[in-house]
Amino acid sequence: MSYYLQTLLLTIGINMILAFSFYVPFSAGMISLGQAGFMAIGAYTAAMLTLKLGLPFLWAVLAGGCLSGLIGIVTGFPALRIRGVYLMLMTLGLGEAIRVFLLNFEYVGGVSGLSGIPPKTNLTNLYAFIFLLVVIFSRINASQIGRIIEAIRENEEAAQGMGINLTKYKVLTFAGGAFIAGMGGGFYAHYARFIESANFGIGQTLELMIFAIFGGTETLWGPILGTAFLTLLPEWLRPLQEWRMFMYGLVLLAMMVLRPKGVIDKSLVRGVAHKFCGQKKND
Amino acid sequence: MKTLVMTDVTKAFGGVTAVSNVRLEVEEGRIHGLVGPNGAGKTTLFNLITGVLTPNSGSIQFQGRNLDGLKPHKRTALGICRTYQNIKLFKSATVLDNVMVAMPYRMRSAILQLAIKSPFREIREEKEVRERAGALLDFVGLYEKRNHVASALPFGDQRRLEIARALATKPRLLLLDEPCAGMNQAEKEPMVRLIREIRERQATVIVIEHDMGMICQICDVITVLNFGVVIAQGLPDSIQKDPLVIEAYLGDEKLGYDE
Amino acid sequence: MLPQQLINGLMLGSVYSLVAIGFNLIFGVLSLLNFAHAGVLMAGAYTSMVLISKWHLNIFLAMIGAMIFCAVLGMVVELLAFRPIKKEYHLAPLIATIGLNISIEEAAVKIFGATSIPFPKAVDTHILRFGPVQFTYVQILILGTSIILMLALHAFIKRTRLGKAIRATAADFQMAAVLGVSIARINVLTFVVSSALAGAAGVLIGLNFNLVNPYMGASIVLKGFVIILLAGLGNIYGAMYCGVILGMIEVLSVAYLSASYRDAFAFLAMLLILIIRPDGLFGTGSKR
């Protein structure tokens with residue numbers, strides 16, 4: 001496999017994980033724009049653990065994810081009462097706060113960033129994790145928990161009225177998104193080998209939000225395939241040279257006009273499942 | 001025994017008092033009507049009972065237990081559930097999912113169980129829940145449409161789905177907020193029957209409705225509210241003749257049979 | 001020192017206000033976060049630059065020219081990214097405007113190059129002194145233009161029929177439609193007004209910082225986002241005040257704290273305020 005292809009697939013994989021981290025809280029109705037901050041926590045933690053303590057790669061990444069998840073739990077509570085656009089701002093601010101903190105935290109490199117991170121991320125461990133995510137969340141979505149999350153997204157008041165503990169599930173999904181972003185950060189750090197706070201800014205967050213929404217947030221396939229498509233798109237547009245990104249913008253625009261729910265929506269997945277898997281799960 | 005006892009309950013928002021010193025007692029197994037002109041505070045009472053709102057003063061007791069400070073979802077677990085005036089279904093979920101999600105399901109808290117893949121146990125519980133949900137849908141007459149998306153249902157069906165969903169929580173006290181609003185006479189008939197059948201199943205019901213005819217038909221006791229204050233309470237016959245009640249309605253609606 | 005910083009903050013803030021007002025206007029009427037606002041702002045800057053350096057217009061005419069161009073560009077944005085998408089889809093228009101914004105920015109890159117270009121000299125460099133503070137002509141122009149535009153907007157919204165129609169649509173678009181307001185036309189009009197303001201802001205920013213580059217709009221619109229949340233969504237006048245407040249906070253934090261914290265500080269300050277007052281400083285408490 002060529003180096004170019006390998007790099008491409010690694011980038012796609014990491015982006016998939018991050019887009020997924022946006023999708024998880026989104027499926028419970030929370031738009032979190034702070035995922036880049038959680039990614040940073042995961043990245044720096046994992047990198048420091050492998051660099052300074054010589055911890056095995058997978059454990060380091062997991063630790064990074066867990067720390068992000070923990071912070072996700074803590075910040076998930078104040079996020080409970082905030083709605084919609086205001087939550088976007090709060091999480092955006094949170095992400096920025098994390099980034100600025102890391103920028104000034106000399107112990108992890110400060111302005112100069114962290115370099116010399118061992119290149120431990122490979123296609124196997126990366127895609128194994130993605131596979132795990134897909135399997136676990138498929139099961140979650142098809143279960144009672146999936147219904148609960150959907151109910152919370154559709155109508156919080158009624159969900160609460162039907163006995164659903166909003167606090168528990170909202171904090172859990174928020175922290176889950178943070179955890180996944182942290183894992184993505186850990187993988188990123190051991191791929192890029194050098195990280196600095198500028199890697200984890202608003203641009204990153206917006207990018208992964210675009211991947212997820214473009215792909216479609218009704219099903220977990222949306223963020224996965226949407227990310228793949230949008231990461232590959234600039235490559236496919238290379239023949240256009242300077243007009244490459246111009247066309248990229250237009251494709252984004254066109255897709256949102258043509259398929260406002262995202263490229264992949266529930267009915268598409270049901271249709272595909274019906275054709276290929278014969279019997280549908282639901283009756 | 002009294003299922004619900006509200007004592008001197010007052011709720012004010014800023015300068016506006018929604019309900020004031022309300023006393024309400026609901027006997028077990030009864031269908032209790034709650035009527036009054038628009039803005040009388042009926043839905044506010046429901047919100048206070050379910051815990052969405054907290055009273056400024058007074059207490060609410062359910063089956064002898066004080067509900068003070070108890071969060072809404074915990075009250076549902078105790079057995080209080082409601083439907084909504086403006087239908088709050090989970091629109092993009094299927095009819096079946098709407099009901100299934102409301103079921104108190106042991107698997108809910110077993111998030112870890114999901115990760116530790118034991119598909120067999122989950123499948124059996126899932127099947128039981130699905131069957132029970134199906135039975136509930138059958139009860140309200142929506143079994144055939146169980147895989148339809150909730151938002152695609154006609155209006156009357158949506159109201160019935162809300163009731164099925166509320167019943168899924170295994171309520172002892174069911175609060176119906178204008179279940180017949182927007183229905184014509186023909187559509188109300190099956191709803192009346194449904195409410196009676198719910199009472200057969202040992203649930204106590206409080207119904208908010210504007211159709212006095214319907215209320216007097218199905219309710220055992222009626223409480224009349226106006227401007228947040230209870231102005232009359234008693235059997236349907238005496239309520240219909242009560243001068244205070246008639247006066248309260250003259251300015252807002254005609255007393256008697258609705259269209 | 002302090003009075004001068006306050007004046008500088010006022011300058012910067014008034015430009016932020018122009019951007020935030022336009023952004024909030026679109027949000028209030030169309031419930032849309034218009035990311036293409038950034039590209040429009042940048043287009044204003046570049047257009048005026050071209051008008052001044054190639055066609056030798058004076059700054060006033062250049063600004064008017066830029067505003068007209070941006071108004072038209074705004075109409076294009078509405079036509080392509082907003083109108084074709086059904087209102088029930090909340091996030092699709094957002095991404096659509098992001099996509100369109102990318103295209104606008106990249107078009108500028110193609111035409112003008114990706115690096116920053118100095119803004120042509122359009123105003124004399126005299127300095128007026130009033131006691132402890134001093135104004136350059138540029139600063140007077142910025143403040144003056146902002147004030148005039150905001151007054152004009154105020155008059156438009158409060159006095160004219162169209163302005164009232166906009167307010168009605170922002171408050172309750174279904175009711176407005178029932179009362180005979182053509183929602184489609186109001187949407188276009190809102191975009192036109194907002195984009196014109198953004199264009200003017202772009203010119204003023206170019207004048208102030210003496211620099212334009214294709215990506216200049218992004219960070220400013222992001223601040224605009226923060227401002228409108230602080231001000232209360234849909235609240236035009238709140239956006240006016242909060243823009244100035246942000247300008248002050250930024251200038252003061254650079255002067256008295258640390259320059260590297262500038263942007264983050266604005267965010268954090270806003271965050272704190274929102275935690276205390278979740279509906280924004282001037283919010284009405286209505287949900288959006």
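Two residues are in contact if their C-beta atoms, placed from the backbone, lie within 7 Å. By that criterion, residues 24 or more positions apart account for 68% of the contacts in chain B with a separation of 6 or more. The model is predicted.

**Chain B: overall make-up**

- Chain B contains ten helices and ten strands.
- Of its 259 residues, 42% count as buried.

**Chain B: the six-stranded sheet**

- An open sheet in chain B is formed by six strands in the order 6-7-8-3-9-10, and the pairing is mixed.
- Strand 6 (80-82) and strand 10 (229-234) of chain B are the edge strands, each pairing on one side only.
- On average, neighbouring strands of this sheet are turned by 20° against each other, direction ignored.
- Strand 6 of chain B runs parallel to strand 7 (residues 173-177) of chain B, and three bridges join the two.
- Within these two strands, B:Ile80 stands opposite B:Leu173, the latter in strand 7 of chain B.
- Helix 7 (residues 185-200) of chain B packs on the sheet and touches strand 3 (31-35), strand 7 and strand 8 (204-208) of chain B.
- The direction of helix 7 of chain B makes about 155° with that of strand 8 of chain B.

**Chain A: a helix pair**

- In chain A, helix 2 (residues 35-52) packs with helix 4 (residues 84-104) at an angle of about 35°, and their axes are 7 Å apart.
- From helix 2 of chain A, the residues in this contact are A:Ala36, A:Gly37, A:Ala40, A:Ile41 and A:Tyr44.
- They meet A:Leu94, A:Gly95, A:Ile98, A:Arg99 and A:Leu102 in helix 4 of chain A.
- By class, the residues of this helix contact divide into seven nonpolar, two polar and one charged.

**Chain B against chain A**

- 28 residues of chain B are in contact with 22 residues of chain A.
- On the side of chain B that touches chain A, at least two residues each come from helix 2 (72-78), strand 6, helix 3 (95-100) and helix 4 (111-115) of chain B.
- Helix 2 of chain B gives the most to this side, with four residues.
- The residues on this side of chain B divide into 15 nonpolar, six polar and seven charged.

**Chain C against chain A**

- 32 residues of chain C are in contact with 27 residues of chain A.
- Helix 3 (59-82), helix 4 (91-112), helix 9 (216-231) and helix 11 (262-276) of chain C each supply at least two residues of the side that touches chain A.
- Helix 4 of chain C provides the largest share of this side, twelve residues.
- This side of chain C has 25 nonpolar, two polar and five charged residues.

**The largest nonpolar core**

- The largest nonpolar core has 265 residues, and C:Val19 and C:Ile95 touch the most other members.
- Helix 1 (residues 2-30) of chain C contributes the largest share of this core, 14 residues.
- The core also draws at least three residues from each of domain 1 (1-79 + 171-259) and domain 2 (92-168) of chain B.
- Not counting residues up to four places away in sequence, C:Val19 touches C:Leu41, C:Ala198, C:Ala201, C:Ile220, C:Val221 and C:Gly224.

How values were computed
Residues numbered from 1 in each chain as written. Chains lettered and ligands numbered in written order. Predicted model: local features only at pLDDT ≥ 70, side-chain atom pairs only at ≥ 80, totals over all residues. Pairing = 2+ DSSP bridges. Axes fitted to C-alpha atoms, helices over the stretch in contact; angles between N-to-C directions. Nonpolar A, V, L, I, M, F, W, Y, C, P; charged D, E, K, R; others polar. Buried ≥ 20, exposed ≤ 12 C-beta atoms within 10 Å, placed from the backbone. Core = buried A, V, L, I, M, F, W, Y, C linked by C-beta atoms within 7 Å. Domains from an automatic or database assignment.
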